[in-house]
Amino acid sequence: MKLLKSFKILSLVVQIISFGVFLIPVKEALADGNFSNSCTNISLEARDYSNTAILRADCKRRNQSVNKASINLNDYIINNDGRLAWQNGGGFQQSCKNSVGVTTIYSFCNKRDGNLNLGFLNLNERIANIDGELKYIP
């Protein structure tokens, strides 16, 4: 009898948790990256060995209007010995050049040994369109 009662309680808890997943606010639910699903005219403006790598796009808002959005990727990407990686504070563009891309950024980055390596990173992993604004999702 106790086992049956415990099972019913556990079943109820699972149902409550499952139902709660569907109550996530829309703003949070859209914060999975994948900005390119709702943005067009995507471009990257980057200057070699600088603090600038601006991703620009026309992004849809919830009301379906379009906003011209931008984000400086240099604030969120690092050069890790010639490889690009996500990290708050970033600074990759200071040691990389010829950065290009739309949904994936490619850049020749300095390694510790002085050689260059072609680093790349999928921007859809951490860049999201949140109501027409490009945002970094940690």
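Mentor: Let's begin with a term: strands are DSSP runs of E with at least two residues, numbered from the N terminus. F120, for instance, lies in strand β8. This is a predicted model, in which local features need pLDDT of at least 70, side-chain atom pairs count only at pLDDT 80 or more, and totals for chains, interfaces and linings use all residues. Residues are numbered from 1 along each chain as its sequence is written, and side-chain values use heavy atoms, with hydrogens and water left out.

Trainee: OK, and is F120 buried or exposed?

Mentor: F120 counts as exposed because its relative accessibility is 52%, and exposed means over 50% relative accessible area with a 1.4 Å probe, protein chains only.

Trainee: Which residues form the nonpolar patch on the surface?

Mentor: Y49, V100, Y106, F108, L116, L118 and F120 form it, with about 670 Å² of accessible area together. Patch residues have over 30% relative accessible area and no salt bridge (a Lys or Arg side-chain nitrogen within 4 Å of an Asp or Glu carboxyl oxygen), and nonpolar side chains are joined within 5 Å. The largest share, three residues, comes from β8.

Trainee: Switching topic, what is the strand order in the open sheet?

Mentor: The order is β6-β7-β8, with antiparallel pairing, where two strands pair if DSSP finds at least two bridges between them. β6 (96-101) and β8 (116-122) each have a single partner strand, so one side of each is left without a neighbour in the sheet.

Trainee: How many bridges join β6 to β7?

Mentor: Four bridges join β6 to β7, residues 104-110, and K97 stands opposite F108 in β7.

How values were computed: Patch = residues over 30% accessible without salt bridge, like charges linked within 9 Å, V, L, I, M, F, W, Y side chains within 5 Å. Areas by Shrake-Rupley, 256 points an atom, 1.4 Å probe, with all protein chains shown as cover. Buried < 20%, exposed > 50% of the residue type's maximum accessible area, 1.4 Å probe, protein only.
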